[in-house]
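Here are a few exercises to work through with the sequence and structure side by side. Take your time with each one, then follow the solution step by step.

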Amino acid sequence: MSPAPERRRVLDLRLWPLAAAVWATGLVAPHLRWPALALVGGAALAAAVLLARARVATATVVLVVLAGVAVGSGTAAVRGAARDASPLRAAAQAGGTADVVLTVRSDPQVLAGGGRPRVLLEADVTALDHGGVGHRLDDAVLVFAPAGGWSGLLPGQQLRVRADLAPPGPGDDVVAVLSVRGPPEAVGAPGAVQRVAGDLRHSLGAASERVLDDRAGGLLPGLVVGDTSRMDPVLEEEFRRAGLAHLTAVSGANVAIVVAGVLRPLRRRAVDRRVQALVGVLALVGFVVLARPSASVLRAAAMGTVTLLALASGRSRAALPALGAAVTVLLLVEPGLARDPGFTLSVVATAAIVLLAPPWSRRLRGHGWPAWPADAVAVSAAAGLATAPVIAGLTGTVSLVSLPANLLAAPAVPAATVLGLLAAPAGLVLPRAGDALVGLAGWPVRWIVLVAERAAAVPDAVAGWPPGTVGALLLALLLLVAGCLLWRIPRARPLALAALVGLVVVGWPLRQGLDGWPPAGALLVACDVGQGDGLVLPLGAGQGVLVDAGPDPAPIDRCLDRLGIDALPLVLLSHLDADHVGGLPGALGGRTVGVVATGTLSPADDRAPGVDALVRRTGGTREVLVPGDRRGVGGVAVDVLAPEPRRATAAADPNGLSLVARVTVGGLRVLLTGDIGADEEAALLRDGADLRADVLKVPHHGSGDADPGFLAATGARTAIVSVGAGNGYGHPAPRLLDWLADAGARVHRTDRDGDVAVVGAAGGWGVAARGTDAGGQAAPPGPVLPDTLPDPLPDALPAARAVAVDRRWRVAPCGGACCRRRAHVPPAGGGGRGGAAALPGRRGRAPGGARPPPRRRGARAGRDGAAGGRAGRRAGAVAVRRSPARRRHRGAGGGVGARRRAHRLREGPRSRPDAGGRARRRQAERGAGQGVQSRRGRRRRVPQGLLRR
């Protein structure tokens, strides 16, 4: 009797060509008009009909791909035609205002931008009244509205508003963009389900604010239901740098915790798996209601159904095709998910957990690891490595502390989530019980906050990487190659481990010692905060004067940390636009604050109360400075030049009321100009203000609205433009750069140079640039000076360039009489050498003795069961004529597991079933053609039939 044929372990990827085709179509569809999409769909359908008659081995796969393209293009063409034919689209293209009735689909999100606080939300327009003609619609729109009257809306609520209409941007799936200026008029209340969900979310948020501190209280709702509206913005940045940002988004982790918590009692009582799956679905639906059925929540729920489907079917192999089916259905229902980064990360992470985590966990357990640590490490490593290329392509960064941070935070996340879920309903019935549960949840939440803070504070926690598709593919290729080498060449593993330990123990401390930033003797540092202003005048002993704080809390907080600033005795705010004060929470939080000063504000500016409240919370006081006032702090003298109080009318432009001051530090004069324009600059000239300065902070990020006479009157030899890379305003304007060149000023820009420091003293000073890389992180600059203007002193430039080659920063001469044919920048610490750590030298060959004999491999185990066998039965043990003596045979898992499964190879004339009538799991078996390895040939096999003769 011949042995049963072998059943191989294969990946069930039958649905993934279809999912890939639909996904690719969703990426391309927004860039094509619906007639072109219809043509693509028709061509794909025709090609599928022609290919169906051909008998080719790959015909099935190609047919599936063509079917996906046809379905995806067809649905996209239908949607596009409906959008183009909508009366709302025609009204938006014509512009103007209209009365609309809309239904809210998402929670309003507060926007960080200039002007008054505004919110963004998704909605469906159900009625349109434009030009006296009414229409009944069902069109998706984006709504921009003031925060007042809109921030507390619930999904499902119907509103009537009068809005300005505008067409959507390229690639948007909405029909129009609505801009509303006033509060809405309620037409219908949200459904009962949404009201209950809103009450539960409010109960959890209110209890968190009452019981916990600001950081932990804002984080708990984010962990439980993804509500980050109360979360500290600095903590959000720390979570991003530590690789923990996924914890505050409703993802598969939240779904897994909820489903596992519900199913655990049922599994302990051995309840039927189909009942468990049904209970899990009910729990999943309840969680979706609580977390709001937005796109991200529905995506996480769809991924959660993969596990429940595998549980109900009893076949773990169903997880991969179920994931492909879920991806296909979601992309067809919501094509916008094809371009959603969260959807991509969710799919990649889920696929990695399904494919890689189980074998990695088994291998760790085979090496003696306990089950829980093995599973935690395997899941975190699989998801982290798989999503790293996607994150690198999206952000241009790679978190080097993500894996250890996730492992440290993982034990606290389930406890915090479960306690938070219990506290939400308990707070509605018994507020004290809800507060008690929130207090218990505070302990694991504080641990997560501590992990995020410490991980984000590690120097070089985030490394720069080329962004975009090329960067993502490059990192994926490197990880794949490194994984294959370590897997196929076991001898490389100790070397890789030694190299890693050497980099951590030697290379990392050496790099920190040679980092050389901030440079010694820095008088002024213009922080790279993006499209905004953020300047620091270090005073020594951990103190400094801050001038504006940029648009976001994280960049200015990192810049102050790099400079070692722990106390701000004086803060100057030029005006209250968000690109100057949006980062104020990050600058003031955790630091000692003295006086926060502004110029005279317009009486119509309603942003002052919010700033005052923030200043009071941080222990500071706010003052108003007028022309002629003088302030002195630690060797820094501030002379106020503008604005005049009489100009602060209700109709005045906030930019025109910017605080203008001349700062003297180390004998150097720095002119701070805020965002004033040409009219204000000309007024200062007419008033005879003393504008002479050595360094000019260019007004309004390099806007072309400037007065050339004002620029020339300053006499500045160095001009610093605080501007964001790739901004949509065209800053700095080319004509402004020409005017600065004519005035003899050298320009330094934060979008190209990163942080810019003025170093030295009045007798000799220069400019040092920290540099940026593709990801926006600090990087050693190249030896070339990227100056956009001619050198004011050409004969001094060669010496400056020579210094730039040997230093970490680009150094430019200040120009004028202060430069003595060289750049006066003190050398960095560490023997005057800056830059990154030196590369390690070549490794010598380790002395070795005799080469060990090659390891012999035993027969590989096949898949459980045999083809054609009776259902529910598996083949017995393999019959071996002689039991191999003193030789290692590998089982299904190889390595140590082989020795543990050696008893399954037994002697006997034939196979017979195991005791109890059930075959052992992972039984070692061979197919007819597999054979057994011979003693002499490592690769050759002896046919198994010869062993039976």
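**Exercise 1.** Find the contacts of Phe239, leaving aside neighbours within four places in sequence.

*Solution.* Contact means heavy atoms within 4.5 Å. With that rule, Phe239 meets Leu219, Met231, Leu244, Ala245, Leu247, Thr248, Ile448 and Ala452.

A word on the background: this is a predicted model, where local features need pLDDT of at least 70 and side-chain atom pairs count only at pLDDT 80 or more, while totals for chains, interfaces and linings use all residues. Residues are numbered from 1 along each chain as its sequence is written, and side-chain values use heavy atoms, leaving out hydrogens and water.

**Exercise 2.** Describe the largest nonpolar core.

*Solution.* Start with the term: a nonpolar core is a set of buried (under 20% relative accessible area, 1.4 Å probe, protein chains only) Ala, Val, Leu, Ile, Met, Phe, Trp, Tyr and Cys residues joined through side-chain atoms within 4.5 Å. The largest has 36 residues, and Phe239 is among those with the most contacts inside it. Next, look at the helices (DSSP runs of H or I, at least four residues, numbered from the N terminus): H17 (431-457) is one of those that supply at least two residues. Helix H17 gives the largest share, eight residues. A second, separate core of 31 residues includes Val525 and Val593.

**Exercise 3.** Is Ala374 buried or exposed?

*Solution.* First locate Ala374 in helix H14 (residues 371-395). Its relative accessibility is 0%, so Ala374 counts as buried. Finally, list its contacts beyond four places in sequence: Ser361, Leu364, Arg365 and Trp369.

Note on methods. Buried means under 20% relative accessible area, exposed over 50%, partly exposed in between (1.4 Å probe, protein chains only).
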